[in-house]
Amino acid sequence: MEEQEVVSGENKALRSLNADIKTHVNFINQSKQSARVWWLDYSGHPVSYGDIRTNGLLRMNTFLTATEYEEDGDPKFLNVVIATPVFSLRDCCLMLIRNLVEEEDYGRLDIPESLKTDLRQQPDLLKELGLINRLRMLT
């Protein structure tokens, strides 16, 4: 994906904005699978911070973009709980088929051609970010 797609749109693009006030975030994985942590850099490009195992915690030093403070004046520290992901029925079915059927056999399935095409397309973080940015620009 071209950089323009990720960072398009004045202030609506998903990206890190500044590095003024230090803080930290605790990512707590309470799901039944490992979870990958991503940071969007100042250009909107995703940077992986690795995986958090089930019931694991990743404490990440970061910076506040929207400044929130505790009553005592200290920056507010955040806990982000990662729970079970929510997928559409269509996405659940595609994931199941990908796990059960070899890719070279997709063409033999008795399903619509559009679903066969969707099966061949693997998840793409940059494509998803571009879609989110386009949707944000509509609001």
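Leaving aside its neighbours within four places in sequence, with which residues is isoleucine 52 in contact? In this predicted model, local features need pLDDT of at least 70 and side-chain atom pairs count only at pLDDT 80 or more, whereas totals for chains, interfaces and linings use all residues. Residues are numbered from 1 along each chain as its sequence is written, and side-chain values use heavy atoms, with hydrogens and water left out.

With those neighbours set aside, isoleucine 52 is in contact with Phe27, Asn29, Gln33, Ser34, Ala35, Val37, Leu57, Leu58 and Ile82 (contact: heavy atoms within 4.5 Å). Ile52 also belongs to the largest nonpolar core, whose five residues are Val25, Phe27, Val37, Ile52 and Met60. Such a core is a set of buried (under 20% relative accessible area) Ala, Val, Leu, Ile, Met, Phe, Trp, Tyr and Cys residues joined through side-chain atoms within 4.5 Å.

Arginine 53 lies in the loop between strand S3 (46–52) and strand S4 (57–64); strands are DSSP runs (E, at least two residues) numbered from the N terminus. The relative accessible area of arginine 53 is 59%, so the residue counts as exposed (over 50%, 1.4 Å probe, protein chains only). Beyond its neighbours within four places in sequence, arginine 53 is in contact with Asn29 and Ser34. Its C-alpha is 8.8 Å from that of lysine 32, at a separation of 21 residues in sequence.

Terms used:
Helices (H or I, at least four residues) and strands (E, at least two) are DSSP runs, numbered from the N terminus.
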